[in-house]
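This briefing covers a cavity, a helix pair and a strand sheet. Please read it alongside the sequence and the model.

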Amino acid sequence: MKRISIAPRENWKDVTEKQGLIYNTLDDGSVYWDESGYYEFSSSEVDEIERVTYVLHQLYLDAAQHIIDNNLFDKLKIPSPVIQLIKDAWEKEPPALYGRMDLGYDGKNIKLLEYNADTPTALVEASVIQWYWLQDRFPMYDQFNSLHDKLVAKWTDLKDYVDKTIYFAHLDNNEDFMTVAYLAETAQNAGLATKFILMSDIGWDEQNKYFVDLDNNHMATIFKLYPYEWLIHETFAGGFVGSYKYTEWIEPVWKMLWSNKAILAILWELNPNHPNLLPTYFDSKKFDGNYVKKPIYSREGANIEIFRDEVVASTGGDYGEEGFVYQQLFELPEFDGNYPVLGSWMIDQDAAGMGIRESKSLITDNRSRFVPHLFK
């Protein structure tokens, strides 16, 4: 793995915006999409990243079954009203669309940092933007990226399972809207009808006990780019529990197990010394030296603390009420002051591509830049 500096395309802002990345720069004018450099891999390195992604996916399947079989929901601080829903959904095997594993990779070791299996973003840039960058700059090389085709194929598989119209529910911000807009496009390519709705505009039909759109139409299939740990505490949470049988939610509610960072400690307990896992515990006293403190529930790198005998990096935020896990610090490689984290994508059961976020700090957060990649 190498990081190579290169002059950006002169019209990169206009090009990426037209391709859907309307958030290619941050509010302060700094770049989010950063094509002043790219990461180069060998084909054998990409093969290994793909292989490890499948290995980790199986570990997550086994860990979820272990949590359910042994009723370990309290370790994940999952409220009792949704426990039976999770169990039922796990047995029913409803549609699961996508997820992104965040990996540390130093050219030799690949280690799981965490898995955003419920509401992953950075999809547009991973699937579309970096692919067109490759065609413009290096069409002779390849990229670990079959995201678009696999998304369309997955929606095609779901056509007989979901309602004829899928609602794509989201928060009112550019990144979330463009993520669901892109996912809706892949569903449309598979022949499905789609509608958009803000999470705040979803209504509740008390008589029929189901969710409705602004025209009071029953919402039978909802893709939600909205974390379950928020949803289950909303004013309509009781309705969610009672109406689960009337609504197909994508992602399914059992994704609460995978997106919860407490599962990192359970993974380590089940698979001690696994080459692709980092020692992770519920107690910081297990570590004598370097470790990372992570909230069980958190998003976009919030409320993280990195310890090297003392706190050397931290982020603010509103998370941590439910508790923390403590993970051995993985020393990310440094390229001229840039620290990359690999995002390895799963489309249902299939490894499907990679995106790279890098930061000047040791913590990857919502301001970390997206940098394209290729392999030879």
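How much space lies in the largest cavity? The largest cavity holds about 30 Å³, a volume being the space filled by probe spheres set on grid points joined across faces, edges and corners. The model is predicted: local features need pLDDT of at least 70, side-chain atom pairs count only at pLDDT 80 or more, and totals for chains, interfaces and linings use all residues. Residues are numbered from 1 along each chain as its sequence is written, and side-chain values use heavy atoms, without hydrogens and water.

**Cavity**
- One cavity of 30 Å³ or more is present (on a 1 Å grid over the protein atoms alone, points where a 1.4 Å probe fits but cannot get out; lining residues have an atom within 4 Å of a point).
- Its lining consists of Leu-112, Leu-264, Leu-267, Leu-277, Leu-278, Thr-280 and Gln-327.

**Helix pair**
- The axes (lines fitted to C-alpha atoms over the stretch in contact) of α2 (residues 43–69) and α10 (residues 262–270) come within 10 Å and cross at roughly 100°.
- The two helices, α2 and α10, are therefore roughly perpendicular (65 to 115 degrees).
- Contact (heavy atoms within 4.5 Å) involves Leu-59, Tyr-60, Ala-63, His-66 and Ile-67 of α2, and Ile-263, Leu-264, Ile-266, Leu-267 and Leu-270 of α10.

**Sheet**
- Four strands (DSSP E runs of at least two residues) form an open, parallel sheet ordered β6-β5-β9-β10, where pairing requires at least two DSSP bridges.
- Strands β6 (193–198) and β10 (248–250) are the edges, each pairing on one side only.
- Three bridges join β5 (residues 165–170) to β9 (residues 221–224); Ala-169 has Lys-224 of β9 as its bridge partner.

Conventions. 1 Å grid on protein atoms, 1.4 Å probe; cavity = no way out; pocket = protein on both sides within 12 Å on 5 of 7 lines; lining within 4 Å. Axes fitted to C-alpha atoms, helices over the stretch in contact; angles between N-to-C directions. Parallel < 35°, antiparallel > 145°, perpendicular 65-115°, else oblique.
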